Amino acid sequence: MSTSVEELVQFQTRMQGLLSSVIAISQDLSLDSVLQHIVQSACKLTDARYGALGVVGDGQTLSRFITEGIDDETVECLGPLPTGQGVLGVLMRDPHPIRLQDLHTHPASVGFPRFHPQMRSFLGVPIRIHDVVFGNLYLTEKRGGEPFTAADEDLTVVLAVAAGFAIENAQLFDEAHLRTRWMEASMQVAVQMLDRTNEEKRSGQTIVARQGLEASRAALALVGLRDGDQGTLRISAGAGLLAPEFLHRSFHLGEGPMRRAHETNKAVALDLSPHLPRAEKESGIGPALLIALSSGAVGDDFLILARGPGEQPYSDHENILAGKYGRQSALALELMRVSGNREESAVFADRDRIAKDLHDLVIQRIFAAGLSTKSLALFTTEPVALERIDAITEELDSTMADIRETIHSLQEPRDTVRSLSNRISQVVRKLSATLPFAPGLHLGEGIDRLVPLAMEGHVLAVISEGLSNAVHHAKAESINVRVDVDTEKIMVAVVDDGCGFRRLKGRNGLDNMKARAQELNGTFLVKSSQDQGTRFEWTAPLGTSLGETTRT
């Protein structure tokens, strides 16, 4: 009788412990905390010395491994996470509970690495979310040297069911919180770019990098331009402590990741480590994403987000949200450019109106006043009066001359007073007037500030030649003009999807573009094939003066 009572009391105690564990893991909405509580509760329920929860990732491997009972120093000595071999792999391939008195006797056992604590008794239970296995709960070394019992297994199975619901709730909460962060980042990009009082308004790429850095909890954010057709990305802006080390550097990522980032409309996982020098590899760059900054099917701007070393890879949900952020940021960049052009157009409209008013109203009144004043000389012979009339007349003539000079400056052709970026826009609009569509135009940051005045004529001529070729000969359905500049060089690209050509013979326009590049110690490249379009790419170093010797 006393034995039955003891068993009943023990059963009630364990049920109370199970209930407390279920309540504990259900109260926290942070996924990391929920996973840690699950392992702790399982160890407490079964009196296990060690516990772990392995999260199953892609390819039936362990993407995360949360432990209990092993100190941090031992974990560091053990090195990388388990890969899912041995008995752990058995549970991943066949997700049913496993209970062993000595796991060393199991046929799949492969032993332990150096520094690993000794473990014999073993209990493994899968954790499911609906019909999908999220991970596995591993318990070892029941205290007192006893094997795990059937009751231990039953309690752990029940705990695993409750854990599945708790994990799902935590995932939903994390996803909602993550979605809110990315939405806030997209909103801030638009607000900051279109804010008239924002001093960083012209640093649109920097705004995109900074907001992406904050939304993704990354350590590094870089914005780059595709440099040529070989999958090379040249960094033009960034955010994060390490960003200055990467500015104006190039990464050869390959066309594959760039193409997938455009085609899938979501971020693409990226491994930056092969592209870093040894010193930067040692400092550490963790999991990274490549995000297309384009609102269409193609584009040359990309955002790279990288976490610190040892941090978790970006989830598929994060990849989707980051891809949407890239498309929305691309629209904000385009709106910022359009808004800037509209503001300058309004300024020039005001200049035209002021010039017209000065000519039609002010000058005419001053001229009439001058005639009236001069006519007073007919009514007097006094030398002093005549001298005063002449002085007033001369002053009025001088005033009209000054006003005419002002009118002349206000009515100067816009391409002599506009910034280079606006002169480029004017050239593109003028040359594409006969097209049934508007060419795409991207103007990078720093064009008006970094390009020397002596080089502007070359840039405009190259754009005119390249765009004229595309308009008149390509029979294209889309044309894109791109101008980017950094502290070292300027790059002009004209890309179309037209009929292309095989040979350059007899094309004087292309010869002129090549000659201008040679004059500035730059380069001119043409890539074209029939029915696949043409790409002109012209580059020149900004430090080259027009008087320097050109390359041979």
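What follows is a walk through the chain, with something to select at each stop.

**Before you click**

This is a predicted model, so local features are reported at pLDDT of at least 70 and side-chain atom pairs at pLDDT 80 or more, while totals for chains, interfaces and linings use all residues. Numbering starts from 1 along each chain as its sequence is written, and side-chain values use heavy atoms, with hydrogens and water left out.

**The whole chain**

Start with a cartoon view. Colour by accessibility next: of the 552 residues in the chain, 44% are buried. Buried here means under 20% relative accessible area, exposed means over 50%, and partly exposed is in between, with a 1.4 Å probe and protein chains only. As for contacts (heavy atoms within 4.5 Å), take those with a separation of 6 or more: 63% of them join residues 24 or more positions apart.

**Stop 1: helix 5 against helix 6**

Select residues 150-194 for helix 5 and 204-216 for helix 6. Their axes are 9 Å apart and the packing angle is about 165°. Axes are lines fitted to C-alpha atoms, for helices over the stretch in contact, and angles run from 0 to 180 degrees between N-to-C directions. The two helices are therefore roughly antiparallel, on a scale where under 35 degrees is roughly parallel, over 145 roughly antiparallel, 65 to 115 roughly perpendicular and the rest oblique. The crossing is right-handed, that is, the near helix is turned clockwise from the far one by less than a right angle.

Show side chains at the contact: helix 5 brings residues including Leu178, Trp182 and Val189, and helix 6 brings residues including Ile207, Val208 and Arg210. The contact residues of this pair split into 8 nonpolar, 6 polar and 3 charged. In that scheme Ala, Val, Leu, Ile, Met, Phe, Trp, Tyr, Cys and Pro are nonpolar, Asp, Glu, Lys and Arg are charged, and the others, Gly among them, are polar.

While you're in helix 5, pick Ser186. Ser186 is buried at 14% relative accessible area, and beyond its neighbours within four places in sequence it contacts Tyr325 and Gln328.

**Stop 2: His317**

Jump to helix 9, residues 316-375, where His317 sits. His317 is buried too, at 18%. What does His317 contact, leaving aside neighbours within four places in sequence? Glu175, Leu178 and Arg179.

**Stop 3: aromatic rings**

Now show Phe, Tyr and Trp side chains. There are 5 aromatic pairs, a pair being rings (the six-membered one for Trp) with centres within 6.5 Å; planes under 30 degrees apart are stacked, over 60 edge-to-face and the rest tilted. Phe65 and Tyr138 have ring centres 6.2 Å apart and planes at 35°, so this pair is tilted. Phe65 is in strand 2 (62-68) and Tyr138 in strand 5 (132-142), so the pair ties together parts 73 residues apart in sequence. Tyr138 is buried, at 4%.

Then try Phe246 and Phe251, a tilted pair at 5.9 Å centre to centre with 35° between the planes. Phe246 is buried at 2%, and Phe251 is buried at 1%.

**Stop 4**

Select 420-431 (helix 12) and 453-473 (helix 14): the axes come within 10 Å and cross at roughly 25°. That makes helix 12 roughly parallel to helix 14.

Next, pick Val451, in the loop between helix 13 (447-450) and helix 14. Val451 is buried at 6%. Beyond residues up to four places away in sequence, Val451 touches Leu420, Gly446, Glu456, Val485, Ile490 and Leu542.

**Stop 5: two positive phi angles**

Most residues other than glycine have a negative phi. Pick Asp47, with phi near 60°, in the loop between helix 2 (31-46) and strand 1 (48-56). Asp47 is partly exposed at 36%. Finish on Arg217, where phi is about 55°, in the loop between helix 6 and strand 6 (220-226). Arg217 is partly exposed, at 49%.

How values were computed
Helices (H or I, at least four residues) and strands (E, at least two) are DSSP runs, numbered from the N terminus.
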